[in-house]
Amino acid sequence: MSRVPRLAATATAALALTVLAAGPGAAVEPVVTDPHIVARFDFALGQAPENIALEPDGSANLTLSFARQVVNVDKKGGKRTVATLPAVTDPNTPVIGAAAVMGITRAHDGTLYVTYATGTSENGIWRIGTDGSAPVQIAKLPADGFPNSLALDEKCGVLYAADSVLGTVWRVPVEGGTPTAWATGTALQPLPAPDGIVGANGLKVHNGAVWVSNTDRRTLLRIPVRADKSAGPIETRATGLSWIDDFAFTGHDDTVLAALIMDNAVALVRPDGTHKVVLNAQDGLSNPTSVAVRGKTVYVPSASFFTEVKDPNLLLAQLRKGR
């Protein structure tokens with residue numbers, strides 16, 4: 001037998017032993033490869049990418065927070081302005097002071113929903129239609145709160161919004177209306193003063209539950225949706241996630257890719273809560289704020305809020321999934 005077949009046989013045997021050791025049906029951990037920046041933005045114009053919602057063609061809708069805009073970026077970096085939220089007189093947003101477009105989610109018909117943090121009566125959830133009309137506010141949220149990430153459960157016809165200051169997950173009918181404080185509690189709140197800044201931050205609907213990150217507490221939380229649609233007990237699924245912002249699931253299981261904004265990193269969080277960094281500043285991250293996954297592609301917007309050299313951008317990478 002030649003040297004190459006011997007090496008191939010050895011590698012095959014090693015892989016087989018790894019799979020057997022992991023147990024029947026066990027999945028190999030996803031690997032993130034080939035990171036590259038496809039689009040850059042101008043921080044001086046308020047173009048700090050905060051959150052992301054994907055289109056079926058693989059393009060990305062990004063909220064540019066302080067520019068009050070939603071832009072669409074194709075996979076080659078081409079940009080198109082989708083909508084601009086109205087200017088606000090004397091914004092008084094907690095934590096940041098300025099008005100900012102934060103979370104974004106997309107319905108199957110192409111309608112976009114965003115959270116607009118203003119500290120005024122415009123504070124809340126806004127709808128961006130597909131007909132080119134101006135954005136419309138569909139729900140007012142408390143002016144002393146800070147609406148952040150947003151998720152849509154189309155099956156139940158509701159939107160969920162994380163409030164980073166009030167430590168609340170709001171629930172709003174998709175057609176709009178009066179918000180309900182769906183989930184509250186210490187696990188969702190910022191740390192007490194003077195250390196507390198941002199509590200509930202990222203939010204996703206996944207496998208019968210609402211998942212929320214808490215930046216101050218460095219945690220990833222799971223809140224089951226009961227049969228009557230009320231919130232179940234808050235479960236802590238991962239800890240020690242320094243400066244966790246928003247996140248995305250890599251597939252049907254509970255594996256997560258989470259943006260660690262101040263660490264200039266993205267961490268892979270395993271279903272058992274352990275985690276490791278898979279992307280960092282050397283790959284081009286500059287205060288990453290959120291993550292999206294579509295098939296084998298990972299999308300990571302960076303806002304560059306706190307870096308000395310401003311480089312807000314959208315990074316793409318490849319996700320190699322296990323068996």
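I took a pocket to be an open set of points on a 1 Å grid over the protein atoms alone, with protein on both sides within 12 Å along at least five of seven lines; a cavity is a set of points where a 1.4 Å probe fits but cannot get out, and lining residues have an atom within 4 Å of a point. Grid points are joined across faces, edges and corners, and a volume is the space filled by probe spheres set on the points.

The model is predicted: local features need pLDDT of at least 70 and side-chain atom pairs count only at pLDDT 80 or more, while totals for chains, interfaces and linings use all residues. Residues are numbered from 1 along each chain as its sequence is written, and side-chain values use heavy atoms, with hydrogens and water left out.

**Entry 1**

I looked up the largest pocket and found about 1,000 Å³ of space in it. Its lining comprises 33 residues, and Thr 105, Lys 204, Val 205, Val 293 and Arg 294 lie nearest its centre. The elements that give two or more residues to this lining are strands S2 (49–54), S6 (100–106), S10 (147–153), S14, S18 and S22 (292–294). Strands (E, at least two residues) and helices (H or I, at least four) are DSSP runs, numbered from the N terminus. By class I noted 16 nonpolar, ten polar and seven charged residues in the lining of the largest pocket. In this scheme Ala, Val, Leu, Ile, Met, Phe, Trp, Tyr, Cys and Pro count as nonpolar, Asp, Glu, Lys and Arg as charged, and the others, Gly among them, as polar.

The second largest pocket holds about 420 Å³ of space. It is lined by 20 residues, with Val 95, Ile 96, Val 198, Phe 305 and Phe 306 closest to its centre. I recorded 13 nonpolar, five polar and two charged residues in the lining of the second largest pocket.

**Entry 2: a nonpolar patch**

Phe 66, Val 95, Ile 96, Ile 197, Trp 243, Met 262 and Phe 306 make a nonpolar patch of about 600 Å². Patches are made of residues with over 30% relative accessible area and no salt bridge, like charges being joined within 9 Å and nonpolar side chains (Val, Leu, Ile, Met, Phe, Trp, Tyr) within 5 Å. Accessible areas come from the Shrake-Rupley method with a 1.4 Å probe, and for residues only the protein chains shown count as cover.

I located Phe 306 in the loop between strand S23 (297–302) and strand S24 (313–320). Phe 306 has a relative accessible area of 53% and is therefore exposed. The classes are buried under 20%, exposed over 50% and partly exposed in between (1.4 Å probe, protein chains only).

**Entry 3: salt bridges**

My search of the whole structure returned eight salt bridges. A salt bridge is a side-chain nitrogen of Lys or Arg within 4 Å of a carboxyl oxygen of Asp or Glu.

I found Arg 270 and Glu 29 joined in one of them at 2.4 Å, N to O. This pair links distant parts of the chain, 241 residues apart: Arg 270 is in the loop between strand S20 (265–269) and strand S21 (275–279), and Glu 29 is in the loop between helix H1 (3–22) and strand S1 (31–40). Glu 29 also forms a salt bridge with Lys 276, with 2.9 Å between the closest N and O atoms. Here the partners are 247 residues apart, with Lys 276 in strand S21. Glu 29 is partly exposed at 27%, as is Lys 276 at 37%.

Asp 246 pairs with Lys 204, the closest N and O atoms being 3.1 Å apart. Asp 246 lies in strand S18 (residues 244–249) and Lys 204 in strand S14 (residues 200–206), 42 residues apart. Asp 246 counts as buried because its relative accessibility is 1%, whereas Lys 204 is partly exposed at 21%. I also noted that Arg 222, Glu 235, Arg 237 and Asp 254 are joined into one network by salt bridges that share partners.

**Entry 4: the cavity**

How many cavities of 30 Å³ or more does the rule give? I count one. The largest cavity has a volume of about 40 Å³. Its lining consists of Trp 211, Leu 220, Arg 237, Ala 238, Asp 254, Val 269, Arg 270, Pro 271 and Gly 273.

**Entry 5: backbone**

I found a cis peptide bond between Ala 193 and Pro 194, with omega about 5°. Asn 207, not a glycine, has a positive phi of about 50°.
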